[in-house]
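Colleague: I would like to learn how to read a few features of a protein model, and I would be glad if you took them slowly.

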Amino acid sequence: MMVRSGNPAVRLRTMMSAVLLFLLAAGGTGWPQSAPPVLGLQEQGPPPATPSAAPAREENPGLINEMGKLFDKLPSILPPIKSPGETMNDLSRLAKPSTMVSGRVACPASSNGAPDCKLAADQLCQSKGYKEGKSLNADSAEKCSAKVLIPGRQRKPDDCRTDTVVTSALCQN
């Protein structure tokens, strides 16, 4: 029966255990064995020569060896890790001091007819003493002339218009 777990750490540990069991059972070098005892008469002579140095072992092109090579290369692949102080310095250089302000400034129509809320956000921030701003929140409303209220009158396309106003902006010096 195979047990499956949703935890990646448990799965990794199970996989590594299986790989190690496979490597141990699959061969590798075993325990050294002594020569089997020989029963009977033996000639007394010099003992057989034992190899003094084990033969050089060839590189094993298995999975574990390849993973070891990968881990040896990792420091050259990954970027250097910055200290927390260096990271905070980098972030503080990127962030500009800003303030959120509230108010109501109408967005003028741009050349294509769409509302230009960047200009309205700048005006809202300048009215609060800042240099420029970005629109955070805008509100739209339809404004109609009093002619629309006349009973029985057909509504014409130019009777109403949509006004957009910036209600809050993020201002910077």
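Modeller: We shall go through strand pairing, then a surface patch, then salt bridges.

Modeller: Please keep in mind that this is a predicted model, in which local features need pLDDT of at least 70 and side-chain atom pairs count only at pLDDT 80 or more, while totals for chains, interfaces and linings use all residues. Residues are numbered from 1 along each chain as its sequence is written, and side-chain values use heavy atoms, with hydrogens and water left out.

Colleague: Which strand does β2 pair with, and in which sense?

Modeller: In general, helices (H or I, at least four residues) and strands (E, at least two) are DSSP runs numbered from the N terminus, and two strands pair if DSSP finds at least two bridges between them. Here β2, residues 132-144, pairs with β3 in the antiparallel sense over 12 bridges, and E132 stands opposite Q172 in β3. Strand β1, residues 98-106, also runs antiparallel to β3, residues 160-172, and seven bridges join them; the partner of S98 in β3 is again Q172.

Colleague: Which residues make the nonpolar surface patch?

Modeller: A patch is made of residues with over 30% relative accessible area and no salt bridge, where nonpolar side chains (Val, Leu, Ile, Met, Phe, Trp, Tyr) are joined within 5 Å and like charges within 9 Å; the areas come from the Shrake-Rupley method with a 1.4 Å probe, and for residues only the protein chains shown count as cover. In this model L12, M15, M16, L63, I64, M67 and F71 form a nonpolar patch of about 650 Å². The elements giving two or more residues to this patch are α1 (8-26) and α2 (63-77), and α2 gives the most, with four residues.

Colleague: Is L63 buried or exposed?

Modeller: Buried means under 20% relative accessible area, exposed means over 50%, and partly exposed lies in between (1.4 Å probe, protein chains only). L63 counts as exposed because its relative accessibility is 54%.

Colleague: How many salt bridges are there?

Modeller: A salt bridge is a side-chain nitrogen of Lys or Arg within 4 Å of a carboxyl oxygen of Asp or Glu, and by this rule the count comes to six. One of them joins E132 to K118, with the closest N and O atoms 3.9 Å apart; this pair links distant parts of the chain, since E132 is in strand β2 and K118 in helix α4 (residues 117-127), 14 residues apart. Furthermore, K118, D122 and E132 are linked in a network of salt bridges.
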